[in-house]
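Subject: Structure for you to look at

Hello,

Here is the structure I promised to pass on. Please open it alongside this note; my findings follow below.

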Amino acid sequence: MNAPSAFTRADIRTHYQAQGFVHLHGFFAEPEVESLRKSLAAFHENWLRQNEALYCKGAINSAYLTDDAAAGKATRRQLFQILGDSRIAQLLEALVSEPQAFLNTQLFFDPKNPAQPNYWHRDIQYAGLSLEEQQAQFCRMNMFHLRLALRDEPGLELMPGTHRRWDTDEEFAVRMKQAGRRVDEPLPGAQVVPLSAGDLLVFSANMLHRGLYGMGRFAFDMLFCDARPDLLRYARRSCLPSEEELAGVDCPQLFTRTRQVLDQAGL
Ligand SMILES: O=C(O)CCC(=O)C(=O)O
């Protein structure tokens, strides 16, 4: 991985398995970050114009950035090159043995209202599964957020180890707003991970976590998951690269796996 992160490949797996996340300092160099920041600032300005109502209602992210109707051709190409960069593919291989496939992208920014509270959650709680199914499945799948900070930001607050264990009673009450608890209350044992521009934070989408707002944050999240139809049903074909776009990508298999799964499952 890039120089300032002292992690070896073996360290990455060990740290991820124990904690559910890995913070890689300076994963992308400033010229790469600067170029992406510029492209995505233009994308975001356009998104804000088209989604003003959503932003006013509290949106903190946009998604499907690689959709063929979302960004211009050059930006789309740039995003595919980053998503399919060999450093990303090597990182995913270091994390887990199961082959990973491209799922989606998101751009995280601050809410319009600086006082808007954040919220503890596990991504799986939004998948339309019963609580029993969530509990049975959350630790039997890999779904990763790879957050690339494009500016310095407060980062995320993560509950170490919760990619492998279910909530304590207190965590559950807070996350589900039960027993008079608020979803943005502090929880014991949580770890704050502030990020500098160029850092990459890999974390399990299914661990207990919340975003920290402020500092004009601007972060590009790349989502990858096991090559399984139940997870990739959220992937959009329109967000995958064409044959021609794929030709400029280091590791096309991150995308071709997605396409294969969608084809095989008739999705
Ligand atoms: O940064 C945020 O506001 C939330 C991020 C998050 O929850 C996620 O990526 O699943």
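Two residues are in contact if their C-beta atoms, placed from the backbone, lie within 7 Å. Keep that in mind for the packing described next. Note also that this is a predicted model.

Helix H5

Start with H5, residues 86–95. Ile88, Leu91, Leu92 and Leu95 are its buried residues. They sit on the same side of H5, because they cover an arc of only 100° around the axis. An α-helix has 3.6 residues a turn, so residues three or four places apart point the same way.

Strand S7

S7 is mostly covered, with 5 of its 5 residues buried. Leu200, Val202 and Ser204 point one way, while Leu201 and Phe203 point the other way. S1 (residues 21–24) runs antiparallel to S7 and is joined to S7 by 4 bridges. Here Leu24 stands opposite Leu200. S4 is also antiparallel to S7, with 5 bridges between them. Arg147 has Leu201 of S7 as its bridge partner.

Leu223 in S9

Leu223 belongs to strand S9. Why does Leu223 count as buried? Leu223 has 20 C-beta neighbours inside 10 Å, and a residue is buried if there are 20 or more. Beyond four places in sequence, Leu223 is in contact with Leu103, Asn104, Thr105, Gln106, Phe144 and His145. Asn46 is 177 residues from Leu223 in sequence, and their C-alpha atoms are 22 Å apart.

The open sheet

Three strands make an open, antiparallel sheet in the order S6-S5-S8. S6 (191–195) and S8 (209–211) are the edge strands, each pairing on one side only. Neighbouring strands of this sheet are turned by 20° against each other on average, direction ignored. S5 (residues 153–158) and S8 are joined by 3 bridges. Leu156 stands opposite Gly211 in S8.

The ligand

Both Leu156 and Gly211 turn up again around the ligand.

Best wishes

Key
Residues numbered from 1 in each chain as written. Predicted model: local features only at pLDDT ≥ 70, side-chain atom pairs only at ≥ 80, totals over all residues. Near = placed C-beta within 6 Å. Buried ≥ 20, exposed ≤ 12 C-beta atoms within 10 Å, placed from the backbone. Helix = DSSP H or I, 4+ residues; strand = E, 2+ residues; numbered from the N terminus. Arc of directions from axis to C-beta. Pairing = 2+ DSSP bridges. Axes fitted to C-alpha atoms, helices over the stretch in contact; angles between N-to-C directions.
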